[in-house]
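Visitor: Could you take me through one part of this model in detail? I would like a close look at the side-chain pairs, the charged ones and the aromatic ones.

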Amino acid sequence: MPIQHFSAVHPQVICKWHKSNSFILPRRHSSQWLQQWARRSNLRSRLRKIGIVLGGVMMCGSAVYLEVKMLDENLPSFNNISNMDRRSESKVSQSFSRIADLNTGPVKVKPRSDKLAAILPWLMSQSNDHWNLLKLAQSESRLARIVGVKRLVQKTWEDYEYREIRQAADYRTFIGLARSEDADMRFFRKPPQITDTKRELLTELRELLSSLPVTEDPCVGYFTSAGLQKKESRDLGRLFWNLENADSVEDINKDNAANSELSILESLLEAILRQSVIGNNTVEIVHKGGLALLRRSLLSYPDNVHLQQLCARILGNLALLPETHEHIVQSGWVSILVKWLKSVDIDVCLNTARALANMDIDSASAMYHDGIYVLHPIYRSKEPIYADVVFVHGLLGGPFKTWRQGGSDQKNIAEVEESISQGLYTRCWPKSWLPQDCPHIRILTVEYDTYLSELSAICPFDREKRSLFVRAKIILQKLRKAGIGERPIIWIGHSMGGKLNPTFSVTQLFFSSFLIFIFVYFFLF
């Protein structure tokens, strides 16, 4: 068939045949084909540009999705209250800094950019380099810091990597590590050695109390005066009945001196505890060396549990102010608090948990004032919290001993501690047993003064605080700062605590949509 006839009858077929066999078209068909090819090329270039744009959008969307998913898995959700009022001031870090470690000397910190940590924290969290995770933990983004600390705890490092982390970490990272349940003790620096001083500890404590501003609270003044005026006393009765034995007289004098010094020390620490409740005095205590004096008190009596309770309680009050957190970390208290958090003594453990919770402003905006203790969770947790459970003790009770397991009076201390370590006995069943059945709740307990008469009152100047209404109002003010009222509340009261619960609702300080009152009356006659 001639080509002219074929192209005239079948123009589309000849075009296809031309493309496949590179046949040269006649002039009248080549111009038309070139125009079509130009239009198709222009369309392809446009489609290519659109594809590039869509690909970039999809990559950014995938990055955002992975970031949100990872943050949702790692963020602790038991503190979903606004954190605007407790934002710590951002600290400008130098590009190079030398941080002296107590054991191995200074180390040079690598300079790294915070832009990647602020934009894509999930990308840096997948790194196996401890420097990347440490930089993520020190980012200006609060969410990135939480993810970085979690990744640091989840991985197992070499000894030199632990050393570099503890040398280069900032105070917020140390606090986050201390609030992580599985944190290795090699993350934390050893407390700095206290230089020997010729001045006596009791003298310096008295000078610290005397230098604090006078407050209008009569109870604070009462305890301060009692601590300053307490003098050494001797057990004259024991000395009189043992005059025949000279050796026993010397032993009694030594015992009297030790007991008298310990009693004075406890009175002075009790006065500092009362002073630490006042905001202005809190800063003065820190700036005038109160943290070092507390450590010296523990070094004088390392095995005294009561001194540990007082120190942990004082630190909990000091930690209510964010500007004191860095001073507490630098003074070496974090490693001590991490050990106390695992203590068998329930008072030491929960006072320590309160102090660390007040310092952890990244994952917690709740502030636990003196007398409010969190039983669960005491570590950072990603479990959602659906309700708050508040335990209120009764007459002559306590925040822990009222909820202890019975049968401990027939055992000695060693047997009780062994049973606690094995999980067969508990000194606070809401802390040990209730989270196992109800993990999605926050458990708090309240401490307040209860009196049977004016002679047994702790402070003789707080008569106006002894009515149920005033006590309920004070407790509610503290509970509101702990975040109570944002979720459904379950009240559990024992004895007088059951009478305080209805008073809570009368004061109308709560706006929770759901309240459950459980009144448990156990009157012992």
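Guide: What follows goes through the salt bridges and then the aromatic pairs. The model is a predicted one, and within it the count of salt bridges comes to 13.

One of these salt bridges joins the side chains of Asp-159 and Arg-186, with 2.5 Å from N to O. This pair links distant parts of the chain, since Asp-159 belongs to helix 8 (residues 159–168) while Arg-186 sits in the loop between helix 9 (171–178) and helix 10 (201–211), 27 residues apart. Arg-186 has a relative accessible area of 33% and is therefore partly exposed. The pair is also part of a network of salt bridges in which Asp-159, Asp-184 and Arg-186 are linked.

A further salt bridge is formed by the side chains of Asp-360 and Arg-179, at 3.1 Å from N to O. Here, too, distant parts of the chain are linked: Asp-360 lies in the loop between helix 19 (346–359) and strand 3 (372–376), and Arg-179 in the loop between helix 9 and helix 10, 181 residues apart. Asp-360 is buried, with a relative accessible area of 2%, and Arg-179 likewise counts as buried at 2% relative accessibility.

Glu-447 forms a salt bridge with Arg-313, and the closest N and O atoms of that pair are 4.0 Å apart. Because Glu-447 lies in the loop between strand 5 (441–446) and helix 23 (468–481), whereas Arg-313 is in helix 16 (residues 305–318), the pair ties together parts that are 134 residues apart in sequence. Glu-447 counts as partly exposed, at 29% relative accessibility.

Turning to the rings, the count of aromatic pairs comes to seven. In one of them, the ring centres of Tyr-222 and Phe-223 are 5.4 Å apart and the planes stand at 75°, so the pair is edge-to-face. Tyr-222 is partly exposed at 33% relative accessibility, whereas Phe-223, with a relative accessible area of 11%, is buried.

Phe-391 and Trp-429 make another edge-to-face pair, because their planes are at 90°, with ring centres 5.6 Å apart. This pair links distant parts of the chain, with Phe-391 in strand 4 (residues 387–392) and Trp-429 in helix 21 (residues 429–432), 38 residues apart. Phe-391 is buried at 0% relative accessibility, while Trp-429, at 29%, counts as partly exposed. Ring pairs also bring in Trp-403, so that Phe-391, Trp-403 and Trp-429 are linked into a cluster.

Terms used
Residues are numbered from 1 along each chain as its sequence is written. This is a predicted model: local features need pLDDT of at least 70, side-chain atom pairs count only at pLDDT 80 or more; totals for chains, interfaces and linings use all residues. Side-chain values use heavy atoms; hydrogens and water are left out. Rings of Phe, Tyr and Trp (its six-membered ring) pair if their centres lie within 6.5 Å; planes under 30 degrees apart count as stacked, over 60 as edge-to-face and the rest as tilted. Buried means under 20% relative accessible area, exposed over 50%, partly exposed in between (1.4 Å probe, protein chains only). Helices (H or I, at least four residues) and strands (E, at least two) are DSSP runs, numbered from the N terminus.
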